[in-house]
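Open the model in your viewer and keep the sequence panel beside it. The stops below go from one selection to the next.

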Amino acid sequence: MEDRKKYVDPNDPMRKEVEYRFWKRSPENKIWGVSEVIDSDRMPGRILISFDKKKFYNIYGDYPAKMSEEERKIFEKEYPDWVAWLNGRK
């Protein structure tokens, strides 16, 4: 299951339109994995997820502090491998 959309990245001072690719690990999952479609002016490296294809979370900086309690629980259920790895970094 994959989808693509274009957005203007609010964190980009150039306000360039960026194409994002969305996918799910499993069709019943609630979380979309998000990839920036990189051109020569953008740097890869962010690992993004979204619950609604509108608000993006950077796994490294936003889990768990910037997620709601419900979003955190869903993330921990659907991405236990990331949770274990991130908790091991503390």
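Start by selecting aspartate 81, which counts as partly exposed because its relative accessibility is 42%; partly exposed is the range between buried (under 20% relative accessible area) and exposed (over 50%), with a 1.4 Å probe and protein chains only. The model is predicted: local features need pLDDT of at least 70, side-chain atom pairs count only at pLDDT 80 or more, and totals for chains, interfaces and linings use all residues. Residues are numbered from 1 along each chain as its sequence is written, and side-chain values use heavy atoms, with hydrogens and water left out.

Aspartate 81 and arginine 25 form a salt bridge, with 3.0 Å between the closest N and O atoms; the term requires a side-chain nitrogen of Lys or Arg within 4 Å of a carboxyl oxygen of Asp or Glu. Aspartate 81 lies in helix α3 and arginine 25 in the loop between β2 (17-23) and β3 (32-36), so this pair ties together parts 56 residues apart in sequence. Helices (H or I, at least four residues) and strands (E, at least two) are DSSP runs, numbered from the N terminus. Arginine 25 is also partly exposed, at 42% relative accessibility.

How many salt bridges does this rule give? The count is four.

Next, select lysine 66 and aspartate 62. Their side chains meet in a salt bridge, 3.5 Å from N to O. Lysine 66 is exposed at 56% relative accessibility, whereas aspartate 62 is buried, with a relative accessible area of 12%.

Move to arginine 72 and glutamate 76. Both lie in helix α2, four residues apart, about one turn of the helix, and their side chains form a salt bridge of 2.7 Å, N to O. Glutamate 76 counts as partly exposed, at 28% relative accessibility.

Finally, select the whole of helix α2, residues 69-78. Which of its residues are buried? They are Glu71, Ile74, Phe75 and Glu78. Look down the axis of α2: these buried residues fall within an arc of 100 degrees, so they line one face of the helix. The arc is that of the directions from the helix axis to the C-beta atoms. Turn to the other side of α2, where Lys73 and Lys77 are exposed. To see what covers the buried residues of α2, show β4 (48-50), β5 (56-58), α1 (59-62) and α3 (80-88), which are among the covering elements; contact here means heavy atoms within 4.5 Å.
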